[in-house]
Amino acid sequence: MPATMQELNSDMVGAYSNSLNAVSLLDTKAAAFETANGESVAVYYNPRCVGSFNETGAGVGGVYYANKVCANFVYDLNGNKGPNTVGKDIGFMTAMYPSDVKVAAPIPAMSALSGTYQITPSSGVSASAACTQYDSEYKLPNIDELIAMGVNKKLIDGDLSYFPMKSFWSASKIYDYGVPQQWDLINYMIDNHEPTQNFYVWCVKR
């Protein structure tokens with residue numbers, strides 16, 4: 001279990017800024033506790049989280065997600081017992097924005113889908129349909145779920161073979177100067193692109 005924010009995700013620590021926002025993030029220590037029934041929970045707190053700044057407006061692409069995260073919870077349902085695997089006995093929950101809080105607790109598939117997909121392909125399978133074909137219980141993550149996966153990327157992608165180098169689609173739409181686009185995540189940023197582009201997909205259960 002990571003003991004600090006730095007150990008959880010080094011992208012969550014340091015200075016990340018763009019023209020709309022600038023915040024220096026702290027390497028806070030995790031607070032951990034065990035419940036009466038043996039569950040272990042670690043809480044990672046960012047005291048400098050900030051609110052949404054018109055992220056549905058025009059020309060917003062390239063938003064650093066670290067300063068949107070107020071708290072991240074990692075839990076292990078059976079403590080030190082195995083299998084210690086995300087999606088089985090280990091999970092996470094991420095709280096974003098200090099007001100109008102959004103909480104995401106996705107259960108990611110064991111790995112990303114192979115190959116890339118489009119949101120609205122001219123032919124072939126869409127990103128959303130690819131998740132359904134993988135398993136009928138799985139969906140394309142919304143942008144909040146995708147941010148939660150980015151925060152906890154070491155837990156779901158231990159060797160970082162997918163994170164942070166590849167772009168992942170979300171199911172969340174945005175209108176950029178009146179043009180319909182789709183939110184995606186790459187490295188420590190969320191961005192928006194035309195739905196005909198080819199990006200990777202990591203499906204989730206809710």
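Cys131 and Cys203 form a disulfide (a pair of cysteine sulfur atoms within 2.5 Å) in this predicted model, with their sulfur atoms 2.2 Å apart. Cys131 lies in helix α2 (residues 127–134) and Cys203 in the loop between β12 (189–193) and β13 (204–205), so the bond ties together parts that are 72 residues apart in sequence. Helices (H or I, at least four residues) and strands (E, at least two) are DSSP runs numbered from the N terminus. The torsion about the S-S bond of Cys131 and Cys203 is -90 degrees, and the link is left-handed. Cys131 has 0% relative accessibility and therefore counts as buried; Cys203, at 1%, counts as buried too. Buried means under 20% relative accessible area, exposed over 50%, and partly exposed in between, computed with a 1.4 Å probe on protein chains only.

The sulfur atoms of Cys49 and Cys70 are 2.1 Å apart, and this pair also forms a disulfide. Cys49 sits in the loop between β4 (40–45) and β5 (63–64), while Cys70 belongs to strand β6 (residues 69–76); the two cysteines are 21 residues apart, and their bond links distant parts of the chain. Because the torsion about the S-S bond of Cys49 and Cys70 is about 90 degrees, this disulfide is right-handed. Cys49 and Cys70 are both buried.

The count comes to 2 disulfides. With bonded cysteines counted along the protein chain, the pattern is 1-2, 3-4.

Residues are numbered from 1 along each chain as its sequence is written, and side-chain values use heavy atoms, with hydrogens and water left out. Local features need pLDDT of at least 70 and side-chain atom pairs count only at pLDDT 80 or more, whereas totals for chains, interfaces and linings use all residues.
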